[in-house]
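Q: I have a new model open and would like to learn how to read its features. Could you walk me through it?

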Amino acid sequence: GTGVSVGGVGLDNGAATINVTVPAGASVVQALVYWSGEYRSSDDDSLTIDGVPVTGTLIGGPTNFFNDVLFTTYRADVTGVVPVVPGLNSYLVDGLNYDAANGGIGMIVIFDEGTTPSEIEIRDGQDLAFVNFASPLDTTVKQTFNFAPSDHERDAIVSMLFGSVGGADRPSALEFTVGGVTTTRVNALGSFEGDFWDVFFQTVTIPAGATSMDVQAFSRSDGTANLPASFN
């Protein structure tokens with residue numbers, strides 16, 4: 001493919017609409033959906049998208065994050081199952097029933113505009129973090145993306161899905177490091193796609209000659225008295 005479109009919506013309050021925009025004239029290569037949530041005795045591996053039943057594959061958990069609450073994360077390939085076309089795609093998502101809290105759903109669409117292919121890489125699974133918990137639940141695992149060097153500057157577009165952050169008053173940080181230079185985004189999360197769900201985007205400049213980029217999300221203080229975010 002030549003690019004990726006990402007959308008998401010929180011589902012803690014029940015059914016909600018997810019929107020994903022594909023560039024005009026592009027063809028869809030693959031469409032994936034991800035969802036997660038919190039439970040004590042019953043999680044949920046299925047939901048409906050515009051009334052179409054979708055069953056996911058467990059890709060993370062169950063992990064006991066706090067007290068008696070466990071987290072799981074699911075993925076489903078919906079290519080050809082849910083229609084995805086150029087332009088705005090809107091879907092009603094329903095039927096997610098975690099018994100503690102629904103997180104939300106994210107959709108990733110890989111498209112092809114008929115130009116030079118991009119280098120597209122997906123890292124998925126489940127990574128939980130809250131700074132006050134014991135390792136390894138105090139932070140996320142740093143992800144390193146490797147690529148061939150170029151003689152010119154390029155842009156990398158990073159998209160990330162987060163569940164369970166809570167409100168915008170819960171501090172967090174995301175770091176992107178290339179060639180020894182770190183770009184930090186502070187407090188970019190806060191259930192901005194609806195309760196318990198965030199979709200994050202960051203464009204990172206890749207200088208000529210660089211061969212890798214590190215990406216890591218942190219639950220940590222922003223210098224205020226606010227309790228740092230906990231998230232999946």
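A: Gladly, starting with aromatic pairs: rings of Phe, Tyr and Trp (its six-membered ring) pair if their centres lie within 6.5 Å; planes under 30 degrees apart count as stacked, over 60 as edge-to-face and the rest as tilted. By that rule, the structure holds 9 aromatic pairs. One of them joins Tyr39 and Tyr98, which are tilted, with 6.4 Å centre to centre and 50° between the planes. This is a predicted model, where local features need pLDDT of at least 70 and side-chain atom pairs count only at pLDDT 80 or more, while totals for chains, interfaces and linings use all residues. Residues are numbered from 1 along each chain as its sequence is written, and side-chain values use heavy atoms, with hydrogens and water left out.

Q: Why does the pair of Tyr39 and Tyr98 tie together parts that are apart in sequence?

A: Strands (E, at least two residues) and helices (H or I, at least four) are DSSP runs, numbered from the N terminus. Tyr39 lies in strand β3 (residues 27-39) and Tyr98 in the loop between β8 (87-94) and β9 (101-112), so the pair links parts 59 residues apart in sequence.

Q: Are Tyr39 and Tyr98 buried or exposed?

A: Buried means under 20% relative accessible area, exposed over 50%, and partly exposed in between (1.4 Å probe, protein chains only). Both Tyr39 and Tyr98 are buried. Now look at Phe176 and Phe200: their ring centres are 5.9 Å apart and their planes at 10°, so this pair is stacked. Phe176 is in strand β12 (residues 173-178) and Phe200 in strand β14 (residues 197-206), so parts 24 residues apart in sequence are tied together. Phe176 and Phe200 are buried too.

Q: Which charged end sits over the ring of Phe145?

A: A charge sits over a ring if NZ of Lys or CZ of Arg is within 6 Å of the ring centre and within 35 degrees of the ring normal. Over Phe145 it is the charged end of Arg123, 4.3 Å from the ring centre. Arg220 does likewise over the ring of Phe218, at 4.5 Å from the centre.

Q: How much space lies in the largest pocket?

A: Rolling a probe the size of a water molecule over the atoms shows where empty space is left. On a 1 Å grid over the protein atoms alone, a pocket is an open set of points where a 1.4 Å probe fits, with protein on both sides within 12 Å along at least five of seven lines; lining residues have an atom within 4 Å of a point. Grid points are joined across faces, edges and corners, and a volume is the space filled by probe spheres set on the points. Here the largest pocket holds about 1500 Å³. It has 45 lining residues, and the closest to its centre are Glu121, Arg123, Phe145, Val158 and Ser159. Strand β11 gives the most to this lining, with 10 residues.

Q: Where are the cis peptide bonds?

A: One joins Gly61 and Pro62, with omega about 0°, and Pro62 is in strand β6 (residues 57-66). Another joins Ser135 and Pro136, with omega about 10°; Pro136 lies in the loop between β9 and β10.
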